[in-house]
Amino acid sequence: MLELLAKNWAWVLVRGIFTIVFGALAVFWPGITLLALVILFGAYALVDGVTAIVMGFRRHTGRGFLIFMGVLGVIAGLIALVWPGISALALLYVIAFWAIVTGIGSLVNGFGLTGDAGGRWLFILSGLAGIVLGILLLAKPGEGAIALVVTIGFFAIVWGLLTVITSVRLRRLSKEI
């Protein structure tokens with residue numbers, strides 16, 4: 001696998017550059033990036049839903065479930081494409097409730113741990129952070145959505161830089177191979 005990556009180091013470089021560009025767009029134009037992500041999700045859900053419906057009509061077992069899931073996908077896709085603002089808000093609420101639920105789970109695990117005081121407090125602190133994040137997102141959803149996009153943007157920039165550095169190392173390795 002390493003040899004394959006080394007031979008294709010330029011594609012790793014291209015991937016890193018595109019990741020940095022995506023991250024920069026998310027940081028400098030978070031509103032447009034959020035809208036683009038919702039539209040991409042809508043298109044994906046629509047195509048996925050139609051595909052599931054077609055597969056449902058071609059199968060004998062599980063037909064009803066596939067058709068049902070396909071119809072839900074088509075509806076979700078259409079909603080995202082017709083009302084992208086509502087879709088972005090719905091996604092934010094899903095993330096907020098997920099953060100709260102996983103935060104509560106971490107708290108429960110942290111208080112349930114015995115024998116590892118350091119790990120216990122890490123669970124408790126991460127649980128509190130998740131709960132606070134969820135509450136903040138619910139309290140200020142507009143700002144929360146933009147903050148999430150900007151955070152994803154910074155993460156993408158760091159990921160892209162690491163990918164570019166990896167491509168340089170792979171290029172050196174390809175000369176040695």
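Predicted model: local features only at pLDDT ≥ 70, side-chain atom pairs only at ≥ 80, totals over all residues.
I started with alanine 52, which counts as buried at 11% relative accessibility. The cut-off for buried is under 20%, so 11% falls in that class. Alanine 52 sits in helix H3.

I then checked how far alanine 52 is from threonine 166. The two are 114 residues apart in sequence, and their C-alpha atoms are 38 Å apart in space.

**Entry: valine 71**

Next I looked up valine 71, and I found it in helix H4. Is valine 71 buried, partly exposed or exposed? I got a relative accessible area of 35%, so valine 71 is partly exposed.

**Entry: the nonpolar patch**

Together with Leu35, Ile39, Ile75, Ile79, Leu81, Val82, Trp83 and Ile86, Val71 makes a nonpolar surface patch of about 780 Å². Helix H3 (30-58) and helix H4 (63-82) are the elements that give two or more residues to this patch. Which helix gives the largest share of the nonpolar patch? I noted H4, with five residues.

Isoleucine 86 belongs to helix H5 (residues 84-112). Its relative accessible area is 54%, so I wrote it down as exposed. The line for exposed is drawn at over 50%, and isoleucine 86 passes it with 54%.

**Entry: salt bridges**

How many salt bridges does a search of the whole structure find? I wrote down one. Glutamate 3 and lysine 7 form a salt bridge, with their closest N and O atoms 3.3 Å apart. A salt bridge needs that nitrogen and oxygen within 4 Å, so 3.3 Å qualifies.

Both residues are in helix H1 (residues 2-7). They are four residues apart there, so about one helical turn separates them. Glutamate 3 is partly exposed at 42% relative accessible area, and lysine 7 counts as exposed at 58%.

**Entry: the aromatic pair**

I searched the whole structure for aromatic pairs and got one. The partners are phenylalanine 155 and tryptophan 159, and I have the pair down as tilted: 5.7 Å centre to centre, with 40° between the planes. Why tilted? Under 30 degrees would be stacked and over 60 edge-to-face, so 40° makes this pair tilted.

Where do phenylalanine 155 and tryptophan 159 lie? I found both in helix H7, four residues apart, which is about one turn of the helix. Phenylalanine 155 is exposed, with a relative accessible area of 54%. Tryptophan 159 has 43%, so I put it under partly exposed.

**Entry: positive charge**

Last stop, still on the surface. I noted a patch of positive charge where Arg169, Arg171, Arg172 and Lys175 gather. I followed up on lysine 175, which is found in helix H7 (residues 141-176). Its relative accessible area is 61%, so lysine 175 is exposed.

Methods:
Residues numbered from 1 in each chain as written. Heavy atoms only, no water. Patch = residues over 30% accessible without salt bridge, like charges linked within 9 Å, V, L, I, M, F, W, Y side chains within 5 Å. Areas by Shrake-Rupley, 256 points an atom, 1.4 Å probe, with all protein chains shown as cover. Salt bridge = Lys/Arg side-chain N within 4 Å of Asp/Glu carboxyl O. Lys, Arg positive; Asp, Glu negative; His and termini not counted. Charge placed at Lys NZ, Arg CZ, Asp CG, Glu CD. Buried < 20%, exposed > 50% of the residue type's maximum accessible area, 1.4 Å probe, protein only. Phe/Tyr/Trp six-rings, centres within 6.5 Å; stacked < 30°, edge-to-face > 60°.
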